[in-house]
Amino acid sequence: MQNHPIVIEQIYAVPVETVWKAITDKEKMKQWYFTINDFKLEVGAVFSFYEPGGANQYFHRCVIQEIIPNRKFRHTWTHPDHSKGESMMTWDLEQLDYGTKLTLTHAGIENFADAGEGFQRKNYEAGWNEILSISLHEFLEN
């Protein structure tokens with residue numbers, strides 16, 4: 001079924017505050033995620049960015065919907081140059097005895113059906129898995 005959200009869970013051997021800063025501080029995000037110069041952590045703030053590498057093929061525009069410090073960060077995810085669709089990203093954090101569990105939920109990928117092959121579900125799944133299991137993991141634990 002294509003209309004269910006992508007859900008990826010990762011556990012990091014660091015405190016929840018450390019993961020929170022990694023996903024909400026633009027200087028830290030630059031080191032493992034994307035360079036987002038206009039990022040401001042406040043509900044209603046709009047931020048935008050391109051994929052790394054300088055090709056600037058994929059413009060992303062996002063609007064912050066919800067902030068619960070050290071627990072939840074939720075924002076829209078759109079590709080206005082390629083699609084009329086909108087999806088929703090939710091980053092849920094849970095403090096564990098031995099670290100932090102991050103659950104990323106990307107809902108609404110099917111809304112990008114008008115954008116073509118590069119916006120297929122399998123591409124998002126592969127991208128999020130790499131970003132969370134490799135890039136963020138290495139950033140947090142090194």
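**Aromatic residues, core and strands**

The model here is a predicted one. Leaving aside residues up to four places away in sequence, Trp32 touches Ala22, Ile23, Trp91, Ile131, Ser135, Leu136 and Phe139.

The largest nonpolar core is made of 37 residues, and Trp32, Tyr33, Trp77, Trp91, Trp128 and Leu132 are the ones with the most contacts inside it. Helix H3, spanning residues 121–141, supplies the largest share of this core, with 6 residues. As a rule, nonpolar side chains in soluble globular proteins tend to be buried together.

Then there are the rings. A total of 16 aromatic pairs is found in the structure. In one of them, the ring centres of Trp32 and Tyr33 sit 4.8 Å apart with the planes at 20°, so this pair is stacked. Tyr58 and Phe119 make another sort of pair: their ring centres are 5.5 Å apart and the planes are at 75°, so the arrangement is edge-to-face. Tyr58 belongs to the loop between S2 and strand S3 (59–68), while Phe119 belongs to the loop between S6 and H3, so the pair ties together parts that are 61 residues apart in sequence. As for burial, Phe119 is buried at a relative accessible area of 6%, whereas Tyr58 is partly exposed at 28%. Ring pairs also join up into a cluster, which takes in Trp20, Trp32, Tyr33, Phe34, Phe39, Phe47, Phe49, Phe73, Trp77, Trp91 and Trp128.

On to the strands. Strand S4 (residues 72–78) runs antiparallel to strand S5 (residues 86–96), and 7 bridges join them. Here His75 stands opposite Met89 of S5. On pairing with strand S6 (residues 99–107), S5 is again antiparallel, this time over 9 bridges. Thr90 has Thr105 in S6 as its bridge partner. S5 and S6 form a hairpin, with 2 residues between them.

Finally, a look at Glu42, which is found in the loop between helix H2 (26–32) and strand S2 (46–50). Glu42 is partly exposed, its relative accessible area being 39%. Not counting residues up to four places away in sequence, Glu42 touches Ile64 and Ile67. Pro15 is 27 residues from Glu42 along the chain, and the C-alpha atoms of the two are separated by 22 Å.

Technical notes. Residues are numbered from 1 along each chain as its sequence is written. This is a predicted model: local features need pLDDT of at least 70, side-chain atom pairs count only at pLDDT 80 or more; totals for chains, interfaces and linings use all residues. Side-chain values use heavy atoms; hydrogens and water are left out. Helices (H or I, at least four residues) and strands (E, at least two) are DSSP runs, numbered from the N terminus. Buried means under 20% relative accessible area, exposed over 50%, partly exposed in between (1.4 Å probe, protein chains only). Contact means heavy atoms within 4.5 Å. A nonpolar core is a set of buried Ala, Val, Leu, Ile, Met, Phe, Trp, Tyr and Cys residues joined through side-chain atoms within 4.5 Å. Two strands pair if DSSP finds at least two bridges between them. Rings of Phe, Tyr and Trp (its six-membered ring) pair if their centres lie within 6.5 Å; planes under 30 degrees apart count as stacked, over 60 as edge-to-face and the rest as tilted.
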